[in-house]
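Open the model in your viewer and keep the selection panel at hand. We will go from stop to stop.

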Amino acid sequence: MSQVYSSLRKPLIGGHKSLGDVTDDVARPLERRATGLWWMAFLTALTVLGIGVIAVSYQIYTGIGTWGLNRTVGWGFDITNFVFWVGIGHAGTLISAILFVFRQRWRTSINRSAEAMTLFAVMCAGLFPLIHMGRPWLFFWIAPYPNFRGPLWVNFRSPLLWDFFAISTYFIISAVFWYIGLMPDMATLRDRTQSRFKKVIYGWMSFGWNGSTRTWVRYETTYMLLAAFATPLVLSVHSIVSMDFATAVIPGWHTTIFPPYFVAGAVFSGFAMVLTLMLIARKVLNYEEYITVDHIEKMCKVILATGGIVALAYSMEAFMAWYSVNHYERFVFLNRALGPYAWAYRIMVLCNVVLPQLLWFKRVRRNLIAVFIMSIVINIGMWFERFVIVVTSLHRDFLPSSWAMYSPTIIELATLAGSFGLFFTCFLLFARLLPFIAIGEVKAVLNYARPHPPSSDEKRVPTPPAGKGELALEG
Amino acid sequence: MKLRKQLSLLAAVVLVACYVIFFSVADLNLPGNHQGYAPEQPISFSHRLHSGDLKMSCLYCHPGVEKSPVAGIPAATTCMNCHRFVTGGWDETQIQEQQDQLENREAQFIISDELAKLYQSVGFDTDQMAYQEEMATGPIEWTRIHRLPDFVYFDHRPHVTAGVACQSCHGPVETMERVAQISTLSMGWCVNCHRDVNNGLVPELVGRVASTECGVCHY
Amino acid sequence: MKESKKHWKGIEEREQTTAYLETLESEFPEPPPRLDVEPGAEFPEAAVSRRSFLTAAGFSIAGSTLAGCSRGPLEKVIPLLNRPEEMIPGRAYWYSSTCRGCTAGCGIVTKNRDGRPIKIEGNPEHPLSRGGLCAVGQAMVLSLYDSQRLQDPMINGQPGNWADLDLAVTEGLEALSDGVFVLTGTVSSPSERARINQFLARFEGSEHIEYDPVSCSAILDAHQQTHGQRRLPHYRFDRARVIVSFDADFLGTWISPVEFTKGYSSGRTLEGESPQLSHHLQLEGRMSLTGSNADQRIKVSPDDLFAWLAALTRRLADRSGVDAPLAGPAAVEVDQDLLDQMVERLLDARGASLVVSGVNDFQNQLLVNFINHLLGNYGTTLDLDQPSFQANGNDRRIFELLGRMQAGEVKALLIAGVNPAYSLPYADQFTQALESIPITVAFAEQFDETARVVRYVCPLHHALEAWGEQELTSGVISLSQPVLAPLGRTRSLCQCLSSWMGNEPSDLERLRSHFREEVFPRQSKIGDFEEFWNQSVHDGYARVQPRSLAAAAFQLDALEPAAAATLDENSYALVLYEKISMRDGRHAHNPWLQELPDPVTKVVWDNYACIAPAVASRLKLQEGDRVRVTAGNTSLEFPVQIQPGQHEKVIAIALGYGRQGTDRFSKVGARWIQGKATVLEGETIGGNAFLYTARQGPNITFVNAVSLEPTGQRSPLALTQTHHTVTVPEKLGGAQRHMVRDTTLTAYREDPASGNHFEHEVLQLWDQDYVYTGHHWGMAIDLNRCTGCSACVVGCQAENNVPVVGKDEVYRRRDMHWIRIDRYYSGDDQDVETVHQPMMCNHCDHAPCEAVCPVLATVHNDEGINQQIYNRCVGTRYCANNCPYKVRRFNWFDYRTEDVRENLVLNPDITTRTRGVMEKCSLCIQRIQEAKYEAKREGREMVDGDIKIACQQSCPADAIVFGDMNDPESRITQAIDNPRHYRVLEEMNFRPSIGYLTKVRNKEDAGEGHG
C-alpha cells in the first residue's frame, strides 16, 4: 500500500483527519441514539412502503386488471419502473468495481453507500418482474428446475429468462462484493463496542477478522477478484435488460443500438441518484470533509459524459428511423414527438439532454444546490425515457385498428411510490446500522499517509495502514 | 480457532438440513398425484371376477372407449343383462343347494347383498323377477378413481384404435378386487410413454407416432 | 363435425326414430337435477330422465370445466340408469331445428353434449339460410340458459302456478262472448295460426292481430294496392345483377338478412372465367352495414329519399313509355348524372335488377313496386306467387286495436311474443288502455315491460325447448324440435290455448296431425307419413308444393300522385334503425349480443346518437358528449357517436335499448376500485328510441323531425376500435398501410392481382424453413364476400367459452373476442369507403410471440398452429406486446360467471381460462382433434372439409376458407393460388397462416384502391 503522493495533489479527504478521527467520525452515528430527523425520514419511508405493500397485495388479490394496461399496451409502469431501478443500480457497481480497477482512489469515500444503493435498487427492480405476472404465485416456473412434467424446461430464447439470470447474478455478486468490503469495518466496530450483544453480532459479521497482515492480503486479493467479476456485470446486466426490447419486433423496440444506449443511460441515472443521496448524507451526517465538493464535481463530469452518450443515442435512433425508410419505424418516432404522448417525450429530452448541458460550467458543478436539483431532474428524465420507450412504442404499432391509450391507475402510482418507500427504508436502515463510509479504505487515502505528514499534532505517530491491525488487536 | 468452530458448526447444520430435505422430497407425493387411490365403491364390484375369471371383455361394460373421449361407466341395465338371471355368488349357491338336498326341500333362491343394491337401483322386484319402475331408486353413484385436471383433454379413441391395451394405463384390472389407480397420470408419465412409442420402444406400437405437441392435450 | 352429424343421422336414428320421437316429450318430466339456479326450485323425486343423467354425467365426466379448476379429492361419477343405444356419454349429437331469434327462421343444427345444447350452427341443407347463421342465431343458445327467464306463471305480479292461472283465465273467458283479441308478432306457422283462430272462433268479432315492432307493413300494404294481395314478396338477391336499395339494411337486419347475404354474396363471385359481380347501389342517410358494403353509396337524407325515388320512377316511366299518375318534380333536385347512371344500369339489367326500400312508408313502397314492375322484376327477383311469410305485421290493425282498447271494446287481450308496452308508438296510451281491460295475458320468456303491466303472465318455452313449424316462404316449411327438457315450468302459446280450450293434445301431437293433414299431402316424394315426418324432423325442414297463390298483375291506376314531405331547415331527420345484435330489443338480456361490437360504429353495451362529422365540428361535440334529442314531447339524452359518411341532416339512433331489467348487468365483468358498473342499479342500458316512433298515415314511421342540443355532460362510449383509416394521420407521416387491399372491377378485369402489388423483398435468415410434412392448417378470408356481419364473432365466442367482460373493460380496451372485425375507412369524412377485415391469430410460422414467452406457454406445433397452453401461462404479457396483429387477449380479472345455469352453455371441450392467463384464437384445435380422432377411428385419411371451424361455419357469406395447405386439392390451396391472395404484414416475414383476398368494388374508375 505504499504510494508516493505528489505534495501538489489536493488531498482527497479534507480537514487533516487522523486515523482515529476517521474511525470516530464513521462509527459515531452508529453508536449514538437515532436522531429525530432520522426517525422522521424512516417513518415516512416506512409509510410509503406500507402504501406500496397494500397496493401490491390488492393487485395480486384482485388481478392485473387493477393496472391501466390493456390488450394493446401490455406493459406500462411495471416494466418502466423495473428498467428505471436496474439503471439506478449501475452507478454503485461502477464506482465500487470499475473505479477500483482503475485505481480511482476518490471513490473510497462514496463506494460503500453507492454500493448499498445498488443492492436496494436491484431489490426494487427485481420486485416488478415478479408482481407484473398474471399469476405471480407461479413465478418459479421462470427458473429451470427438474420437474414431473416430462420434464418441461423453460424457453432459453426468451429475454425475460435472460433477465432472470442477469439480475440474480448481479444481485449476488454485488451483495458479496459489498459484504467483503464491510468485513474490516465490522471488526473495527466489534472492537469499539461495549455491548456484549453487539460484539457477538459484529463478531459474526466480521468472520473473526484479526487485522493480521495475512488477513489483509487475503482481503485485498478477494476484493480485487470480485471487482474484476463485477466490472463486466455493469455492462452485461443492462445490455440484457435492453434486449427485452431490442429482440422484439415492435417498431421503437427493435433497435440494435439499445445495449450501449441503455448502459450509458443506466450510469447516467445511477450517478444522479448517488448525487442525490450523497448531497443529503454529507450534510446530515456532516461528512463534508469526506465527500468533498471535488467528489461532487467528479460525479458531475461522469454524468456529463454519459449524458452525452444518451443524447447521441436519441439522435441516432431518430436518424436510423428516417434513414431506414421503414415507415412503421418512422411513424413511431414521429408519434413519440408529435403524438398523444409528446409531453412525455418532451420531458425526457428536456431533462436528459437540454438541462444537463449546464454541467459544462464549473460554477454549476460546484454549486451544491444546483447539482442537487440537477440530480433530481435527471432521475425524472430517465424515468420518462423508460416510459416513452415502453408505452409509446406499444400503443400504436402495426395495425391502426388496435391502437389504444394507456394511463396508470392509482394502484400503479402507489406501487411506484412503494418501490421508493422500500428503497429509502433500506437505505436509512443501512445509514443507521452500518458504517456509511469504508473506514479501512478511506484511511488508506488519508492525506498524511504520505512519507512526510505536515501534521500539526506531534503526539500521534503516523502508522502505516497495515498497522491498523494493532488497533484491531487491542479489543 | 473460534472461526473454525463456528464454520464447522455451520457446515454440520447445513449437511443435516440437506439430508433431511433430500429424503423427505424423495417419497413426497406431489399434490394432485393420486397414485394408489383405491376408494371403496357403493357396490363391491369385483373386476377380478368379471374380467379376470369370467373373461368378460372390457368393452362390454365400457363401450365408450371406441366411440367417445370417455370410457363411461356401464348403466345399471347393462349389469341386468346377466344379473336378472344370476342373483347370487357361485359358492353360496352351491352351499345352499347342498343344504337343500340335505334337508330335501326345493331349492331356495339366493340374492347376494351386493346385487340387492343393483336391483334396488333399477327397481327389479326379485319376487316376481320383474321390473317395477316405481321402485327404482336411481342409478348407483360410483366413486371416481382416474381423474385428470380440467386443462387436460385425454381421448380414449386414438389410444384404443392404436391398439394400446387398457392395462398399460389402468394396470392389471382383471386381478383387482377393488380397482386402484396404478399410474401417476402425471404429465411426465404420459409424455415419456409417447416418447417411447416414437422411439419404437413399445413393441406393440412400433412404427406408430404418438404426438408430444402441447396442443394434443392442452386446449 | 359433419361426419358425426351424418353418423347420427345415418344409423341410430333410422332404428330409433319412432321410439325416440315418441319418447321425446314424455322424456322430460322435470328439469335436470343439479341445475337449480334459484334456491326455491325443488325437483320431484321421481326417476330422472336419460338426458338429465347425461347432463349430470356431463358434469363429472367432461364438463368439470364448470367447477373451475378445483381438483376435489372425492368425486362421484353417475352413469345412466338406462342408456339408449344412440347415446354415448362424452359424444356430441346434432339435432336440426329452426332459429327463432327473429322472424326469418333460419335453419339450425344444435350441438348437444351429454344432454345439453352447447352450440347452434347453421343447417347447411336448409333451403333459405343454406348453412348461414347470424350473430343473433349463434347467441340464442345463451338465452336458453338465461337464469332470469320466467320460470313460473305470474298472477297480478305474483309468482303462481299453472292450475290457478288456467282456472282464473278460463273462468274469465267463460264469461265473455266477444271482445277477445290475440296480439302476436308475425306468425309464420300455419298450425299456430290455425290454433289461434280456433281459439278465437268461440268469440264474436274477435281478432288475431299481427304486429312487428320494426315493421315493413308498408311493403305489404303497397302490394295490396298494386297487386291486389297483401303480401311480402320473396326477394331473390341471388338473381339480381343490379341492386338499388333505398335505406334497406338487407345485409344487416331487413326481413331475412342471412338468406339475403347468402344470395348477395353468391351474386358477387369472382371465381370462374368471366367474373360476375352484381352492382350494389345504396341510398341512405345513416351508415348502415349494407351501405358500408355498397359499390356506390349516395348520401341522401330521408326526406330527399322520396324525391330520388320519384325522380327515378319518372325517368324509368318516360324511358319505357308508360305514363303514370305521378306528382310533379319535387322541390329537392337530385344529381342528374347519378340518376342517369342508375337508370342505365337498371335498364341494362331488366328482369335481373332489384329495387328495395326499407322505408316503412306506403307512398314510398308504391313507387318501389312500380319501378320493379317497370323493370320486369316481378317473377324473377321478386317472387309474389310464392311469397315470403317472414313478416306479416299490419300497422293499421294495431292502431285499430289501440282505438278499440280506448273505446273499451276489448274485454280480453292476449299478447304473445311481442312487447307492445315497450315498442309500440304511444306505448303509454296502450298501457293506460290496458288497465281497463279485465283479462290481460302476456306470453313471454322474460319479465318484460308488457309482462309488468298485464294480469296474467304465461312463461313461454325457449325455441330450443319447443316443437314448432314455420312456413317461411310458400312451400318451404321449417321444423323446430326440442333439444332438451324445459328448464322452467314453461309452456308454448299453443299449449296454453289448447288447455284453455279444454282439449290438450301435446304440441307434438298437434304438429304431427297438422303435418299429416296439411303438409304431407302437398308432396309426393315420400309415400309413408311416418317416413316423411321422420325425414322432416331429421332435416329440420320440408320442401312441399307451394300453394297456388298467383298474384294479380300490377295495376297502374293503383298509383297515387304524392309529393315528398320536406324537412324544415333547422331540424334534423332522426333515423331509427335496428342493430344486428339487439334487433327490436328482444335480445337485450343476452350478454353476448350486448357485448358484440356494432359492425360499423364498433360500440358495445349502449345506443347513441350517430351524427355527421360536420355536425360534430359545428356543435363542437366530442365522441361521448351527451346531447338531448327532442321530437314533440319526447326528449331523451344520448351520447353522440361521430359517424363518417353520414348525412349532415341525419341523426341515427338504434332501437332495442332502454329495456326494463337490463340493470341485471350491473354486476357483469370485473369489480374493483376504479372499475365502473356496466349499468347502474335501476337504470337501463341505453335509451328507448321506440318513443320517437309515430303513426304516419297507415304505418308506423321510423323517421322523425327532431332538434338536437348539447347538454354538456359526457358518458364515454365503449368502443373496440376508434375511427382509424388505413392511412396514418397526416401529422404523423400519413403513410399508407396495406393490411386491407381493394381494387375496382375494371382494374381487376385487366389484372386480377390489381391492388395487390406490394411485393417487398422478404429477408430470410435461414436458407431452409421448417418443412411441414403432415398437415399445415391455414385460412383464407375473402374480403370481397365478408360483409362484416359479425356472426363469426359470436360463433367463436360460443365455441371457445370467450367470457363477457362488461362495458368498462371494453372501454379500457380489454375486449376478449378472439376474432374481431377491423373496420377501416378510406376517403374523407364526407364520403367514405369502408372495408371490413376479420382479424384473429395469424398463426405465424415465424411467430414473434413464441420466441419471447419465458415458460414455453405458446409454441408452434408441427401442423403450423400457434398453440397457447393456458395452464402453463404465467401471464407476463410479453407475447401480446410482441404480437404485430394484437390478437392476443389477456384475462385481466377472473371473468368467469358464477351463474350455474348460464355456465351450462360452456363448451366442455375447451378449458375455461382463469385470471392472469393469455388466450387467443386456437384455430378451433378441439375441432381439429375431434376430426382427427374420428378419422382414426374410422381408419381413413382426413379429407378437405372434415373440419369446419367455428367462424367458418357461421359465415353467411362463405367468406372464410379453412383447410390443409399441404393438400393440393383443398379449397384453401386454391384460395392461396388466387392472384387476389395476400397476407397482412407479409413484408415482415412473420409467415402468417391466415391470408386474405382483396376486395373488388364494382366501379368503373380504375383507382388503385388503398395503397
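Buried means under 20% relative accessible area, exposed over 50%, and partly exposed in between, with a 1.4 Å probe and protein chains only. This is a predicted model, in which local features need pLDDT of at least 70, side-chain atom pairs count only at pLDDT 80 or more, and totals for chains, interfaces and linings use all residues. Residues are numbered from 1 along each chain as its sequence is written, chains are lettered from A and ligands numbered from 1 in the order in which they are written, and side-chain values use heavy atoms, with hydrogens and water left out.

**Stop 1**

Select Glu833(C). With a relative accessible area of 22%, Glu833(C) is partly exposed. A salt bridge here is a side-chain nitrogen of Lys or Arg within 4 Å of a carboxyl oxygen of Asp or Glu. Glu833(C) sits in strand E36 (residues 833-839) of chain C, and Lys1003(C) in the segment after strand E44 (999-1001), 170 residues apart. Helices (H or I, at least four residues) and strands (E, at least two) are DSSP runs, numbered from the N terminus.

**Stop 2**

Select Arg319(C) and Glu344(C). Their salt bridge brings the closest N and O atoms to 2.8 Å. Arg319(C) lies in helix H9 (residues 302-319) and Glu344(C) in helix H10 (residues 336-348) of chain C, so the pair ties together parts that are 25 residues apart in sequence. Arg319(C) is partly exposed at 46% relative accessibility. Glu344(C) is partly exposed too, at 35%.

**Stop 2: a buried pair, then a network**

Select Glu919(C) and Arg913(C). Are these two buried or exposed? Both are buried. Their side chains meet in a salt bridge, 2.9 Å from N to O. Next, select Asp155(B), Arg157(B), Arg91(C), Glu930(C), Glu934(C) and Arg937(C). Salt bridges that share partners join these residues into one network. Over all chains, the whole structure has 76 salt bridges.

**Stop 3: an enclosed strand**

Select strand E23 (residues 572-577) of chain C. Six of its six residues are buried, so the strand is largely enclosed by the rest of the structure. Check both faces. Tyr572(C), Leu574(C) and Leu576(C) are buried on one side, and Ala573(C), Val575(C) and Tyr577(C) on the other.

Now show its partners. Two strands pair if DSSP finds at least two bridges between them. E23(C) runs antiparallel to strand E31 (residues 703-714) of chain C, joined by four bridges. E23(C) runs parallel to strand E28 (residues 650-654) of chain C, joined by five bridges. Center on Ala573(C). Its bridge partner in E31(C) is Ala705(C), and in E28(C) it is Val650(C).

**Stop 4: where chain A meets chain C**

Show chains A and C. In contact (heavy atoms within 4.5 Å) are 65 residues of chain A and 62 residues of chain C. Select Arg71(A), Arg135(A) and Leu399(A). These supply 16% of the area that chain A buries against chain C, more than any other three residues. Buried area is the accessible area (1.4 Å probe) that two parts lose on being put together, summed over both. The total between these chains is about 5,200 Å², of which carbon and sulfur atoms give 58%.

Finish on charge. Three salt bridges are counted between chain A and chain C. In one of them, Asp78(A) pairs with Arg877(C), the closest N and O atoms being 3.0 Å apart.
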